[in-house]
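Here are a few friendly notes to read beside the model. Take the points one at a time and find each residue as you go.

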Amino acid sequence: MDEDVSVAGAVHPTVAHRAEYAALRGAVAAMEHLSFARAGTVGDRIGRLGYRPLGIRRDVVERQLAAAFPEKPLGEIARIAEASYGHLGRTSVETALLPSYDARQIIELFEDVRGWSIVEERMARGHGLILVSGHLGNWELGGAYLAARGLPIDAVARHMANPLFDRYLTRTRQRIGMTILHDEQAARRVPRSLRAGRAVAFLADQGTIGLASTWVPFFGRYAKTPRGPAVFALRLGAPIVFGVALRSPTGRYQLTFEPIDAIETDDRDADVERIVAGYTLALERWVRHAPEQYFWHHRRWKHQRAGTPPELGNPL
């Protein structure tokens, strides 16, 4: 890791930022001597401390889980919640270790890949490819697999609050073959990438202020969801594929791809909303399959349109 770390954007790192970053560097140095499985186990144990005894956002996680799965008893909600903390810790450690793995080693972390022919066929159309996923499974490792397979891929990403973390993660992604397009660059650079026949990846399950979004159902409640992938697909004729990398009981990963229909009519707004609802529904289906591997710590339903009924809005 470089000693002289430049700062992302214009944000100047604080003493707290530097302390956090130093802790990350120390942890990564220690973990590099462990196997991938062992390092992940350590990450899981560390992550669970956030649930108990620390209780970091525990109320947010449990209340959102209860809203998404009203049929589950409180004991099961608590089990899934704690497991999600463990998974977040595991994913964080696995991501931090990615720079120490070559392409062959990254590919070997996957025991099964389904729908790869869909990716190849869509890329062969010559209009680029829009890949959509969410904060489920190990999304960073999924992107690393694509780069390791030689797919020309860019990833649209937000800046992190800690500028030193931000630079480290950007460099990690670049080392494994991905080009990073930060949110403020997306409108200008995504069309260039698609026209050049590249794949562009989006994590489309966090609606934030200032990001073009629409509200679509997610577990029966309206969630502010980025509309960029749908807009680019319609404007540039690029196909959309949803992908998810889920951890298997063996400790390795399964990567699955499925197409998302991007049908164009004479009503652009309705088309965009239908496509956004399509990839959000795909994400929900996979979250139901592995709720322990979703990032419930994010306030998914926080931003609501005025007049949304409480039963369809923010459960917090």
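1. A residue counts as buried when its relative accessible area is under 20%, as exposed when over 50%, and as partly exposed in between (1.4 Å probe, protein chains only). Ser133 has a relative accessible area of 15%, so Ser133 is buried.

2. Before going on, a word on the source: this is a predicted model, where local features need pLDDT of at least 70, side-chain atom pairs count only at pLDDT 80 or more, and totals for chains, interfaces and linings use all residues. Residues are numbered from 1 along each chain as its sequence is written, and side-chain values use heavy atoms, with hydrogens and water left out.

3. Where does Ser133 lie? Ser133 belongs to strand 2 (residues 129–133); helices (H or I, at least four residues) and strands (E, at least two) are DSSP runs, numbered from the N terminus. Leaving aside neighbours within four places in sequence, the contacts of Ser133 (heavy atoms within 4.5 Å) include Phe202, Phe242 and Gly243. A polar atom of the Ser133 side chain lies 2.7 Å from the backbone oxygen of Gly243.

4. Now look at helix 7 (residues 139–148), which is mostly covered, with nine of its 10 residues buried. Among them are Glu140, Leu141 and Tyr145. Asn138 caps the N-terminal end of helix 7, with a side-chain oxygen 3.3 Å from the backbone nitrogen of Glu140. After helix 7 comes Gly150, whose phi is positive, near 90°.

Note on methods. Polar contact = N/O pair within 3.5 Å; in protein donor to acceptor, adjacent residues only side chain to side chain.
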